[in-house]
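Okay, thanks everyone. Let me put it up on the screen.

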Amino acid sequence: MIHLVNGFVLLFTFRYQEPWVIVLQIFASVILDGADGYIAKRWHMTSTLGEALDMLADLVTFVVIPAAFAGLPAGVVFIVCGALRLAIFHSLGPRPYFLG
């Protein structure tokens, strides 16, 4: 959940921060995303809701924010491709191994 909150903070502060600060926050999101998944699996607290929230957080942080850097035409293509990729991996269901 903290990964989703960090993505929201990125959206909220995107217009007011230096680009390097946004890049640092995206790297922080990578760490938070990994920690979130590790904790959920370690404590056996995985759920369909958690997977959906993780996908939403990934969409905000790793698709929408970088697309804003790319500008309008390229950003739209980046968002469509990123959303499709996340939806495809989400629709495959749980796997005993990492895929993505």
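This is a predicted model: local features need pLDDT of at least 70, side-chain atom pairs count only at pLDDT 80 or more; totals for chains, interfaces and linings use all residues.

If you want dimensions, the C-alpha trace spans about 40 × 25 × 20 Å along its principal axes.

Two more numbers on the whole chain. Of its 100 residues, 22% count as buried. And if you take the contacts between residues at least 6 apart in sequence, 60% of them join residues at least 24 apart.

Now the helix pairs. Let's start at H1, residues 2-13, and H2, residues 19-42. How do these two run relative to each other? Their axes cross at roughly 170° and come within 9 Å, and H1 and H2 are therefore roughly antiparallel to each other. From the H1 side, the contact is made by Ile 2, His 3, Asn 6, Val 9, Leu 10 and Thr 13. On the H2 side you have Ile 22, Gln 25, Ile 26, Ala 28, Ser 29, Leu 32 and Asp 33. Sort the residues of that contact by type and you get seven nonpolar, five polar and one charged.

While we're here, look at Gln 25, which sits in helix H2. Is that side of the story buried or exposed, for Gln 25? Buried: its relative accessibility is 16%, and the cut-off is under 20%. Leaving out residues up to four places away in sequence, Gln 25 touches Asn 6, Val 9, Leu 10 and Thr 13.

Next pair: helix H3, residues 48-70, and helix H4, residues 72-91. They pack at an angle of about 160°, with their axes 8 Å apart, so this pair is roughly antiparallel too. H3 passes H4 in a right-handed crossing. The residues that meet include Met 55, Leu 59, Phe 62 and Val 63 from H3, and Phe 78, Ile 79, Ala 83 and Leu 86 from H4.

Last stop, two more single residues. Gly 34 is in helix H2, and at a relative accessible area of 43% it is partly exposed. Its C-alpha is separated by 25 Å from that of Glu 18, 16 residues apart along the chain.

Then there's His 44, in the loop between H2 and H3. What about its backbone? Phi of His 44 is near 55°, a positive value in a residue other than glycine. Why point that out? Because most residues other than glycine have a negative phi. As for the surface, His 44 counts as exposed, at 72% relative accessibility.

That's my tour, so over to you for questions.

Notes:
Residues are numbered from 1 along each chain as its sequence is written. Side-chain values use heavy atoms; hydrogens and water are left out. Axes are lines fitted to C-alpha atoms, for helices over the stretch in contact, and angles run from 0 to 180 degrees between N-to-C directions. Helices (H or I, at least four residues) and strands (E, at least two) are DSSP runs, numbered from the N terminus. Angles under 35 degrees count as roughly parallel, over 145 as roughly antiparallel, 65 to 115 as roughly perpendicular and the rest as oblique. Contact means heavy atoms within 4.5 Å. Ala, Val, Leu, Ile, Met, Phe, Trp, Tyr, Cys and Pro count as nonpolar, Asp, Glu, Lys and Arg as charged, and the others, Gly among them, as polar. A crossing is left-handed if the near helix is turned anticlockwise from the far one by less than a right angle, and right-handed if clockwise. Buried means under 20% relative accessible area, exposed over 50%, partly exposed in between (1.4 Å probe, protein chains only).
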